[in-house]
Structures are given as C-alpha cells and as structure tokens.
Amino acid sequence: MDIYSYRNDKLEASPEEVFAVINDDRQLKNIFSILKDIQYSTKGKRAKGTKFRITLGVREKTYRFRNEIIEYADNNKIIMKTRLKQGVITTLFNVESKGEYSELTVKSSIESSVGVRMFVLTAKPVVKSVMNKEMKKFEEAVI
C-alpha cells in the first residue's frame, strides 16, 4: 500500500550531483528539517546490509525508526526497509539521467495487513504534506 510518491524529471543537475546529496547525511540533515539524527549500527554507511536508526521530528513529536539498506547502486539507487509496529515500509530513491536533466523518484509503501489500512489512511496526508515541503527544499539544494 503506497504511503508517499514523488517524481521530478526536470532537475537541472547531473545524476551524480543529485545522488551525492542523497548519499550525504550532513547535507540531508541540513535540507530536511524533520531529520534530526542518523545513527549507524554497522560500519558501512552506504552499502547493502547497512543498518541504522533515524530520528525524525514531525509536528513537535519525535519518532525513531530502525532501517536497513537492502539495495544500493552508486549514483543511481537506494532501497531501504523501515520497521514499524504497523509493518515494514520499503522506500526507493532512484536517480536517472533524462538528457540534460536528472529524474528523481522517491516511493514509500508499506506491507499491508488488516490493521495497516487505517494507519496509512491517517498517516498518508501528513506524510505527503511534510515530505512535499521537504522535497521542495531538496530540489532547491541540488539546482
């Protein structure tokens, strides 16, 4: 079940420049005001199998999530799993060349079960509102 989807195929930066921002915790923390902390429990920071916790601050509440990178392709793609009480969220970050532009796709979905539907219906509008604002700042940072 989809939670969030973003696509911009007119980023005026190379895929390497876009991915460099996605791949840099310091830049991500500067851009995304909701991202408060990233703590790694594995040595590698960007590789398949990397485990980490992120701390988000959303609407004056703090949330902590356990994550694992399940696929990584330099300058192209990161897929990670986030474990919640409500289920497992899979998030894709994909960067591709589109001629003189780059295309960035971000998609998050949750494995559905009986109790997840209500969670998604409640959380999806908040996630969309917050993330659309944050992705606007990301676009400005890479252009």
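1. Partly exposed means a relative accessible area between the 20% limit for buried and the 50% limit for exposed. Glu111 has 46% relative accessibility, so it counts as partly exposed. Please keep in mind that this is a predicted model.

2. Glu111 has a salt-bridge partner. Lys81 pairs with Glu111, and the closest N and O atoms are 3.8 Å apart. The bridge joins distant parts of the chain: Lys81 sits in strand β5 (residues 77-84), while Glu111 sits in the loop between β7 (101-110) and α3. The two are 30 residues apart. Lys81 is partly exposed, because its relative accessible area is 21%. The cut-off for buried is under 20%.

3. How many salt bridges does the rule give? The count comes to nine. The rule asks for a side-chain nitrogen of Lys or Arg within 4 Å of a carboxyl oxygen of Asp or Glu. The Lys81 and Glu111 pair, at 3.8 Å, is one that forms a salt bridge.

4. Asp9 and Arg7 form another pair. Their side chains meet in a salt bridge with an N to O distance of 3.1 Å. Asp9 has a relative accessible area of 28%, so it is partly exposed. Arg7 reaches 53% relative accessibility and therefore counts as exposed. A network of salt bridges links Arg7 and Asp9 with Glu103.

5. Is Glu134 buried or exposed? Glu134 is buried, because its relative accessibility is 5%. Lys137 is partly exposed, with a relative accessible area of 30%.

6. Now the nonpolar core. The largest one has 34 residues. Val18, Phe32, Leu104, Met135 and Phe138 touch the most other members. Helix α3 gives the largest share of this core, five residues.

7. Which residues does Met135 touch, leaving out those up to four places away in sequence? They are Tyr4, Tyr6, Phe32, Leu104 and Val106. Of these, Phe32 and Leu104 are also on the list of core residues that touch the most other members.

8. Ala123 is also found in helix α3. Ala123 is buried, because its relative accessible area is 18% and the limit is under 20%. Ala123 and Ile3 are 120 residues apart in sequence, yet their C-alpha atoms are 7.9 Å apart in space.

9. Next, the largest pocket. Its space is about 1300 Å³. Of its 44 lining residues, Ile34, Ile54, Leu56, Phe65 and Met131 are the closest to the centre. Which element gives the largest share of the lining? Helix α3 (residues 116-142) does, with nine residues. By class, the lining has 31 nonpolar, six polar and seven charged residues.

10. Last, a loop residue. Lys43 is placed in the loop between β2 (35-40) and β3 (51-58). Lys43 counts as exposed, because its relative accessibility is 87% and the cut-off is over 50%. Lys43 and Val130 are 87 residues apart in sequence, and their C-alpha atoms are 31 Å apart.

Terms used. Residues are numbered from 1 along each chain as its sequence is written. This is a predicted model: local features need pLDDT of at least 70, side-chain atom pairs count only at pLDDT 80 or more; totals for chains, interfaces and linings use all residues. Side-chain values use heavy atoms; hydrogens and water are left out. Helices (H or I, at least four residues) and strands (E, at least two) are DSSP runs, numbered from the N terminus. Buried means under 20% relative accessible area, exposed over 50%, partly exposed in between (1.4 Å probe, protein chains only). On a 1 Å grid over the protein atoms alone, a cavity is a set of points where a 1.4 Å probe fits but cannot get out, and a pocket is an open set with protein on both sides within 12 Å along at least five of seven lines; lining residues have an atom within 4 Å of a point. Grid points are joined across faces, edges and corners, and a volume is the space filled by probe spheres set on the points. Ala, Val, Leu, Ile, Met, Phe, Trp, Tyr, Cys and Pro count as nonpolar, Asp, Glu, Lys and Arg as charged, and the others, Gly among them, as polar. A nonpolar core is a set of buried Ala, Val, Leu, Ile, Met, Phe, Trp, Tyr and Cys residues joined through side-chain atoms within 4.5 Å. Contact means heavy atoms within 4.5 Å.
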